[in-house]
Amino acid sequence: MTALLGVAHRVALAAVRGRGCRGLAMFYAVKRGRKAGVFPTWDECRAQVDRFPAARYKKFATEEEAWAFVRSSASPSGSEGQKNKHVQESQVKANKRLREPVDEGEAENTEPCAKHVKQNTEPLPSVSKNTFSYMGDSVVVYTDGCCSSNGRRRARAGIGVYWGPGHPLNVGIRLPGRQTNQRAEIHAACKAIEQAKTQNINKLVLYTDSMFTINGITNWVRGWKKNGWKTSTGKEVINKEDFVELERLVQGMDIKWMHVPGHSGFIGNEEADRLAREGAKQPED
């Protein structure tokens, strides 16, 4: 009997010690930092978040919980909960509407543009890699376009590109040429990709609230090209030149096109929208 009690005591003690060891093993999850992921030590985690703008990280007792935290937000801005649900529901609805647009007037934004703030559009020197936001090894950027009086003679369109708080590549400029909301959305993406290439960046996560731009470059362009740049109804593609330019720029780039609902509180999208509105008030070149 004594021997059995001794064995039981040793088993119980081992179990207690085992729980103690597991309690000491922590996992550090980085959702927003130089590199997103789960790290076994605080030093490795700190290397990703120290002095990183708006870093998001947290300590967990299990690796499963840590990875769930990393993957819980679709937006690198850190917006969670209902905002993530809003993004997912919006994208599902948008995918259900996945079809070729009939004309330029479809889904246009006719909101007024904000006050004029002059932007420096001259070429910039190389920017430190640490100033960008990352999702994995891809750089994150938000783009937006706007047009007041869209479809009218006095229309004014602007494009905005937002890389992060106070980033030297943030830009808001007037859209050259035909002033429409859809052209502004396309050329905002073009501008972001042009800037990325000047910084030797070839992997992007590009957020836009324009499903027209996303569907156009990822789906419709192939059909238009096969059809001699005509729609399925035989009409000329109105935004042909714009998509030709965008398709040229995406060559050699690894781009994840991400849709985010406009005016839903996502900081990156709101800032890109603000820059576009500022750009729309500038005079045309």
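How many residues does the largest nonpolar core have, and which of them have the most contacts inside it?

A: Keep in mind that this is a predicted model. The largest nonpolar core has 42 residues. Those with the most contacts inside it are Trp163, Ile193, Leu204, Leu246 and Trp257.

Now for where the core comes from. Several strands give two or more residues to it: S5 (138-148), S6 (156-162), S7 (171-174), S8 (203-208) and S9 (254-259).

Let's zoom in on Trp163. Leaving aside residues up to four places away in sequence, Trp163 touches Phe132, Ser133, Val139, Val140, Val141, Leu169, Asn170, Ala192, Gln195, Ala196 and Leu204. Leu204 is also on the list of residues with the most contacts inside the core.

There's another core as well, lying apart from the largest one. This other core has 9 residues, among them Val140, Val205, Tyr207 and Ala272.

For a bit of context elsewhere in the chain, 3 strands form an open sheet in the order S2-S1-S3, with antiparallel pairing. Strands S2 (37-39) and S3 (56-60) are at its edges with a single partner strand each, so one side of each has no neighbour in the sheet. On average, neighbouring strands there are turned by 25° against each other, direction ignored. Helix H2 (residues 42-49) packs on that sheet and touches S1, S2 and S3.

Technical notes
Residues are numbered from 1 along each chain as its sequence is written. This is a predicted model: local features need pLDDT of at least 70, side-chain atom pairs count only at pLDDT 80 or more; totals for chains, interfaces and linings use all residues. Side-chain values use heavy atoms; hydrogens and water are left out. Two strands pair if DSSP finds at least two bridges between them. Helices (H or I, at least four residues) and strands (E, at least two) are DSSP runs, numbered from the N terminus. Axes are lines fitted to C-alpha atoms, for helices over the stretch in contact, and angles run from 0 to 180 degrees between N-to-C directions. Contact means heavy atoms within 4.5 Å. A nonpolar core is a set of buried Ala, Val, Leu, Ile, Met, Phe, Trp, Tyr and Cys residues joined through side-chain atoms within 4.5 Å. Buried means under 20% relative accessible area, exposed over 50%, partly exposed in between (1.4 Å probe, protein chains only).
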